[in-house]
Amino acid sequence: MNGWRGASPTARLLLVAVLLTGLTTFMFLPLLAIELTAQGIPAGRTGFLVGLLAFSSQAFSLLSGLLVDRLGPRRVMAAGFLLRIAGYVLLGLGGAGRPAPLVAGIVAVGVGGSMLGLSTKTLLVSQEGSDARTMLALRSTFVNIGVVVGPALGALVYPLGFRYILAACVLSHLVLGIGLLSGRTAAAVPGRSAAKATAAAVGATATAAAAKTTGPRAQPGAAKDTAPDAAAGRPGDVTRWTLLRHWAPLAALGVAYWAIYSQLNVLLPIAANELTGSTAAISVVFTANGLLVVLFQYTLLSRVFRRATARTLLALGFLAFACAYAVLIPLAGWYSLLAFVLPVTLAEMLIGPSLDEQAVNAAALRRTGLALGTMSAAGALGSLLGSSLGGQLLQASRGGSRAWVLLVGCSLAAAAICLLLPKVRTHHA
């Protein structure tokens with residue numbers, strides 16, 4: 001990967017951290033419900049606890065972004081590592097007879113994950129010599145390696161005991177925390193200068209704003225009062241109209257993406273079983289999806305679509321969603337299911353990093369964390385809406401094609417909303 005070879009030592013260390021935390025997280029996460037049930041916790045309470053983990057992470061994302069901007073990503077990252085380590089220890093101490101440490105551990109792991117994710121992402125897009133799109137594509141690739149390999153490692157270790165998995169999580173986070181917060185890494189990302197580097201790295205408009213506010217005559221408070229005017233392609237005063245024009249459609253697209261994508265966990269598992277008669281069908285979809293992302297995510301964004309704007313990538317991604325759900329309309333068994341994998345993976349590869357890139361491009365200086373946190377919060381809302389409405393849609397469609405037709409329509413509507421975004425082109429290192 002040219003992106004890896006050209007990345008700074010700090011960026012490489014951050015990406016290794018993304019990989020290892022992803023591996024241990026997906027060793028732990030798929031087995032959590034199984035372990036809680038094995039401890040004698042009722043299924044209803046188990047579902048609540050697993051949902052609490054996701055909610056704790058997503059609901060805290062907006063505050064995590066504010067903390068990143070206020071305190072700096074290094075401090076937030078340190079707090080995230082500490083919270084996650086404490087959470088895994090509490091999970092090991094909790095159980096059916098000790099609900100307090102169990103609940104506290106789940107919340108700590110979720111909130112710590114939110115702080116780690118946003119601080120790491122903010123630091124990655126702040127690296128000098130690398131553009132935001134390249135770093136986000138590499139991050140997505142490394143995350144998906146964890147998605148593919150982590151569950152297999154967890155299945156190998158689980159027969160020894162769930163606490164061995166928790167111990168691996170604690171050890172990996174402890175080692176990574178010490179490595180990332182060491183003197184050399186700290187010197188590479190000196191707080192506020194990282195936020196200025198972010199604006200310089202992510203887009204033409206942000207570059208212009210940074211040049212204006214960091215010149216020899218710039219006033220100390222200038223960075224707070226200026227931001228890219230995405231509509232005009234030049235720096236200017238932040239107005240409500242500028243913010244509304246960029247953030248209203250962007251937040252709507254964040255909600256739409258996660259509402260549509262969440263159907264892979266709601267509608268698709270049931271539909272895959274009905275289409276093929278095999279409970280293993282959904283595992284085939286997820287495995288193929290993860291492998292495709294690992295193999296092609298970086299090349300697709302940094303090579304094939306290198307010169308495309310994030311707005312274009314978002315529109316293409318939602319059109320790919322429409323194609324993915326359209327192939328399920330004929331209900332053609334394995335043929336429909338296998339044909340579904342490629343376009344839905346293309347949509348995931350194009351939309352996820354592009355939403356973050358648009359958010360960073362729209363952010364004022366020293367507000368990168370808040371921008372990324374806002375997109376995570378939109379994703380939380382979309383996941384909640386998608387999961388709730390998906391179940392009702394499944395019940396109403398009664399095994400027919402109505403659900404897929406509606407999802408095609410939603411995907412096309414989201415593609416149209418993409419045209420409301422300002423056309424901002426990213427600079428590439």
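Tutor: Happy to! Asp356 and Lys121 join their side chains in a salt bridge, 2.9 Å from N to O. Keep in mind that this is a predicted model.

Student: Where in the chain do Asp356 and Lys121 sit?

Tutor: They link distant parts of the chain, 235 residues apart. Asp356 belongs to helix H17 (residues 334-362), while Lys121 belongs to helix H6 (residues 99-124).

Student: And are Asp356 and Lys121 buried or exposed?

Tutor: Both Asp356 and Lys121 are buried. In general, side chains of opposite charge can pair when their charged atoms come close.

Student: How many salt bridges does a search of the whole structure find?

Tutor: That search finds one salt bridge.

Student: OK, let's zoom out. How many helices and strands does the protein chain have?

Tutor: There are 19 helices and two strands. Of the 429 residues in the protein chain, 52% are buried. The chain exposes about 18,600 Å², with carbon and sulfur atoms supplying 67% of that.

Student: What about aromatic rings? How many aromatic pairs turn up in the whole structure?

Tutor: The search finds 11 aromatic pairs. Take Phe28 and Phe162: their ring centres are 6.1 Å apart and their planes lie at 35°, so the pair counts as tilted. That pair also links distant parts of the chain, with Phe28 in helix H2 (residues 9-38) and Phe162 in helix H8 (residues 162-180), 134 residues apart.

Student: Why do Phe28 and Phe162 count as buried?

Tutor: The cut-off for buried is under 20% relative accessible area. Phe28 has 2%, so Phe28 is buried. Phe162 has 9%, so Phe162 is buried as well.

Student: Which residues form an aromatic cluster?

Tutor: Tyr257, Trp258, Tyr261, Phe318, Phe321, Tyr325, Phe340 and Trp404 form one cluster.

Student: Tell me about H16, then. How many residues does it have?

Tutor: H16 (residues 310-326) has 17 residues. From first C-alpha to last, H16 reaches 24 Å, close to the 24 Å expected at 1.5 Å a residue. H16 is mostly covered, with 12 of its 17 residues buried.

Student: Changing topic: what forms a nonpolar patch on the surface?

Tutor: Val149, Leu153 and Leu156 do, and together they have about 250 Å² of accessible area. Leu153 is in helix H7 (residues 132-157), and Leu153 is partly exposed at 32% relative accessible area.

Student: Is Ser61 buried or exposed?

Tutor: Buried, at 2% relative accessibility. Ser61 is in helix H4 (residues 61-71). Leaving aside neighbours within four places in sequence, Ser61 is in contact with Ser114, Leu118, Gly373, Ser376 and Ala377.

Student: Last one! What does Arg12 contact?

Tutor: With neighbours within four places in sequence left aside, Arg12 is in contact with Trp4, Arg5 and Ala7. Arg12 is in helix H2 and is partly exposed, with a relative accessible area of 31%. Arg12 and Leu124 are 112 residues apart in sequence, yet 9.2 Å apart in space from C-alpha to C-alpha.

Terms used: Residues are numbered from 1 along each chain as its sequence is written. This is a predicted model: local features need pLDDT of at least 70, side-chain atom pairs count only at pLDDT 80 or more; totals for chains, interfaces and linings use all residues. Side-chain values use heavy atoms; hydrogens and water are left out. Helices (H or I, at least four residues) and strands (E, at least two) are DSSP runs, numbered from the N terminus. The expected span of a helix is 1.5 Å times one less than its number of residues. Buried means under 20% relative accessible area, exposed over 50%, partly exposed in between (1.4 Å probe, protein chains only). Rings of Phe, Tyr and Trp (its six-membered ring) pair if their centres lie within 6.5 Å; planes under 30 degrees apart count as stacked, over 60 as edge-to-face and the rest as tilted. Patches are made of residues with over 30% relative accessible area and no salt bridge: like charges are joined within 9 Å, nonpolar side chains (Val, Leu, Ile, Met, Phe, Trp, Tyr) within 5 Å. Accessible areas come from the Shrake-Rupley method with a 1.4 Å probe; for residues, only the protein chains shown count as cover. A salt bridge is a side-chain nitrogen of Lys or Arg within 4 Å of a carboxyl oxygen of Asp or Glu. Contact means heavy atoms within 4.5 Å.
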